[in-house]
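Dear colleague,

I am passing on the structure we spoke about, and below it you will find my notes on what turned up when I went through it. Please read them with the structure open beside you.

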Amino acid sequence: MTTATRDGIQPAETIRALAQEGAIAAARPFAPDQVQPASLDLRLGTRAWRVRASFLPGPRRAVRERLAGIALHEIDLSRPAVLETGCVYIAEIQESLALPADLSASANPKSSTGRIDVFTRVIADRAQEFDVVDAGYHGPLYAEISPRTFPVLVREGTRLSQLRLRRGEVRLSDDDLRALHASDTLVTSATPSFQNGIAVSVDLAGFGETKLVGYRARRHTALVDVDAVGAHPTADFWEPLHADGAGELILDPGQFYILASKEAVHVPPDYAAEMVPFDPLVGEFRVHYAGFFDPGFGHSGANGAGARAVLEVRSRDVPFILEDGQIVGRLVYERMAARPAVLYGAGAGSNYQAQGLKLSKHFA
């Protein structure tokens, strides 16, 4: 019998136990802060390949088989390597899986990855979907990486993605969400909207005396070293945006924006959450990266008052007027199999607890 015996998102303690049992294998021992309250950071391995195009291997092929026909050249990640904007790369991941038949996994970019506009997805052998690992999967994992705005410097051990392990179907229904919101206040909206999740809207009224509403990424910048915290001058990479008085922002389809939710978000300790993009039929824009919210987000570091969700926003093909209070995403919640011993915000690796409008940890 495996360690994961209860339905739900598996907490840090179970993740570590699964690693000891061999369900999660790694080329090197876990780093001290690699296991998060409800997820595992994934580390790049020693090799990457520049490829002609993104791909999925399909139900009958391994990733390495597919690489043989589309790889342009191999990159040695035992030394720092530059990944250029507009290019697609496939990198080995140090962690591999031997999941039991009742345990599946899903992946997402880490918060800091999304905030520098690095598009990354996890691929398993014989996969027909990105970021989805079927129950019972035995095999390696790979990361597809495509920097969109800034060229980045990565190396063996760089963490761009995170993995969440799941047993059973534990997503909360809208009725469950209403009940949980009534007892725990999931978002600070006077009239929250429940429809396949709980709605999150954008704040264009502004923060502080300057009415800062967000940041627009500059073009043709220097490198972002993904492993260097606080090492990059903000002004070299970002242009601040301030409220225009009308509560509107015109999204340029060639630009990347960091904005913030109007609502503060709260994830109670016995739950985990995920941001999903809002239906594109309501407008030609999207919250660019989905994201995991660990148990305790907006809870332990903010006395349960919540923390803003940072939104990575890009217009699709045409300019689009975004308005203050417009719904831009939805939060779905899932039950934890057990409450993690350490919640988000209580450890050294929690960079965004009680956040307002905050750029990634890379910027001073």
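**Salt bridges**

Arg178 and Asp175 are separated by about one helical turn, because they stand three residues apart in helix α4 (residues 174–184). Please keep in mind throughout that this is a predicted model. Residues three or four places apart in an α-helix point the same way, because the helix has 3.6 residues a turn. The two side chains form a salt bridge in which the closest N and O atoms are 3.0 Å apart. Arg178 is partly exposed, with a relative accessible area of 39%, and Asp175 is exposed, with a relative accessible area of 56%.

Salt bridges that share partners also join Asp33, Asp41, Lys110 and Arg159 into one network. Asp33 itself counts as partly exposed, at 41% relative accessibility.

A search of the whole structure finds 22 salt bridges, and one of the pairs I looked at in detail is Asp117 with Arg314, where the closest N and O atoms are 2.3 Å apart. Asp117 lies in the loop between α3 (111–114) and β10 (118–124), while Arg314 lies in strand β25 (residues 307–315), so the pair ties together parts that are 197 residues apart in sequence. Are these two partners buried or exposed? Asp117 counts as buried, at 0% relative accessibility, and Arg314 is buried too, with a relative accessible area of 10%.

**Aromatic rings**

The structure holds nine aromatic pairs. Phe150 and Trp238 form one that is edge-to-face, with 5.4 Å from centre to centre and 80 degrees between the planes. Since Phe150 lies in the loop between β13 (141–147) and β14 (152–154) and Trp238 in strand β19 (residues 238–242), the pair ties together parts that are 88 residues apart in sequence. Phe150 is buried, with a relative accessible area of 0%, and Trp238 counts as buried at 1% relative accessibility.

Tyr215 and Trp238 form an edge-to-face pair as well, with 6.5 Å from centre to centre and 70 degrees between the planes. This pair links distant parts of the chain, Tyr215 being in strand β17 (residues 212–217) and Trp238 in strand β19, 23 residues apart. Tyr215 is buried, with a relative accessible area of 15%. Phe150, Tyr215 and Trp238 belong to one aromatic cluster that also includes Phe237, Phe256 and Phe363.

Two arginines place their charge over a ring: the charged end of Arg121 sits over the ring of Phe130, 3.5 Å from its centre, and the charged end of Arg164 sits over the ring of Phe292, 4.2 Å from its centre.

Tyr89 is placed in strand β7 (residues 88–93) and counts as buried, at 4% relative accessibility. Leaving aside its neighbours within four places in sequence, its contacts include Trp49, Val51, Ile75, Val82, Glu84, Ala143 and Pro147. The C-alpha atoms of Tyr89 and Val51 are separated by 5.6 Å, although the two residues are 38 residues apart along the chain. A polar atom of the Tyr89 side chain lies 2.9 Å from the backbone nitrogen of Glu84.

Not counting residues up to four places away in sequence, Arg6 touches Arg167, Ala337 and Ala338, and a polar atom of its side chain lies 3.2 Å from the backbone oxygen of Ala337.

**Helix α1**

In helix α1 (residues 12–21), the buried residues include Ala12, Thr14, Ile15, Ala17 and Leu18. What covers the buried residues of α1 includes β2 (24–26), β3 (35–36), β4 (39–51) and β15 (159–167). Just after α1, Gly22 takes a positive phi of about 95 degrees.

Methods
Residues are numbered from 1 along each chain as its sequence is written. Side-chain values use heavy atoms; hydrogens and water are left out. Buried means under 20% relative accessible area, exposed over 50%, partly exposed in between (1.4 Å probe, protein chains only). Helices (H or I, at least four residues) and strands (E, at least two) are DSSP runs, numbered from the N terminus. Contact means heavy atoms within 4.5 Å. A polar contact is a pair of N or O atoms within 3.5 Å; within protein, one must be able to donate a hydrogen and the other to accept it, and residues adjacent in sequence count only if both atoms are side-chain atoms. Rings of Phe, Tyr and Trp (its six-membered ring) pair if their centres lie within 6.5 Å; planes under 30 degrees apart count as stacked, over 60 as edge-to-face and the rest as tilted. A charge sits over a ring if NZ of Lys or CZ of Arg is within 6 Å of the ring centre and within 35 degrees of the ring normal. A salt bridge is a side-chain nitrogen of Lys or Arg within 4 Å of a carboxyl oxygen of Asp or Glu.
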